[in-house]
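Biologist: I would like a close look at one part of this protein. Please walk me through it.

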Amino acid sequence: MEKVIDAPPQQVFDVLADGWTYSDWVVGTVHVRDVDAQWPRVGTRLHHRAGPWPFSLEDASTVLVCEPPHRLVLRAGLWPAGEAVVVFTLTPTGDGATRVRIGEDFAAGPLRWVRNKLNDLVLHQRNKETLRRLSDIATRQKADGRAGR
């Protein structure tokens with residue numbers, strides 16, 4: 001899944017680097033409980049709650065790779081459902097815009113074994129909306145002339 005965002009890569013990466021904004025743009029994340037001080041340094045964690053109350057689950061996402069402003073790889077936990085590896089790739093497209101690609105694959109747990117077209121469609125729609133929200137925040141910050149929140 002990809003989207004061109006009308007903001008330069010650093011501006012988009014600044015949103016990714018602000019762990020406190022994840023519940024604003026990551027579909028399914030309803031609350032960020034804590035963010036390690038050095039986020040998004042490799043090994044740091046973002047502690048979140050996902051899913052609707054009263055069924056929401058508390059877990060954390062861990063940074064596996066951080067290459068500002070071009071790449072961020074996370075291991076997103078949602079136990080007992082499992083874990084996913086999420087890869088964000090940012091590529092400049094000219095005129096100050098960025099092509100953002102998001103790839104997500106279940107890496108552990110029951111969700112790793114539940115693969116069908118319905119799940120793929122739901123994941124596709126979720127990532128499409130996630131990128132739309134990320135774009136809204138990054139372009140709003142560009143218009144406001146500020147980096148980060």
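Where does proline 69 lie?

Modeller: Proline 69 lies in the loop between β4 (57–67) and β5 (71–77). A cis peptide bond joins proline 68 to proline 69, with omega at about -10°. Strands here are DSSP runs (E, at least two residues), helices are runs of H or I with at least four, and both are numbered from the N terminus.

First, some background on the model. This is a predicted model, where local features need pLDDT of at least 70 and side-chain atom pairs count only at pLDDT 80 or more, while totals for chains, interfaces and linings use all residues. Residues are numbered from 1 along each chain as its sequence is written, and side-chain values use heavy atoms, leaving out hydrogens and water.

Now the setting of that loop. The protein has 3 helices and 7 strands. Along the sequence they run β-α-α-β-β-β-β-β-β-α. Of the 149 residues, 40% are buried (under 20% relative accessible area; exposed is over 50%, partly exposed in between; 1.4 Å probe, protein chains only).

Other loops deserve a look too. Tryptophan 39 and proline 40 are joined by a cis peptide bond, omega about 5°. Proline 40 sits in the loop between β2 (29–35) and β3 (45–50). Aspartate 95 is in the loop between β6 (83–94) and β7 (97–108). Aspartate 95 is not a glycine, yet its phi is positive, about 55°. Aspartate 95 is also exposed, with a relative accessible area of 81%.
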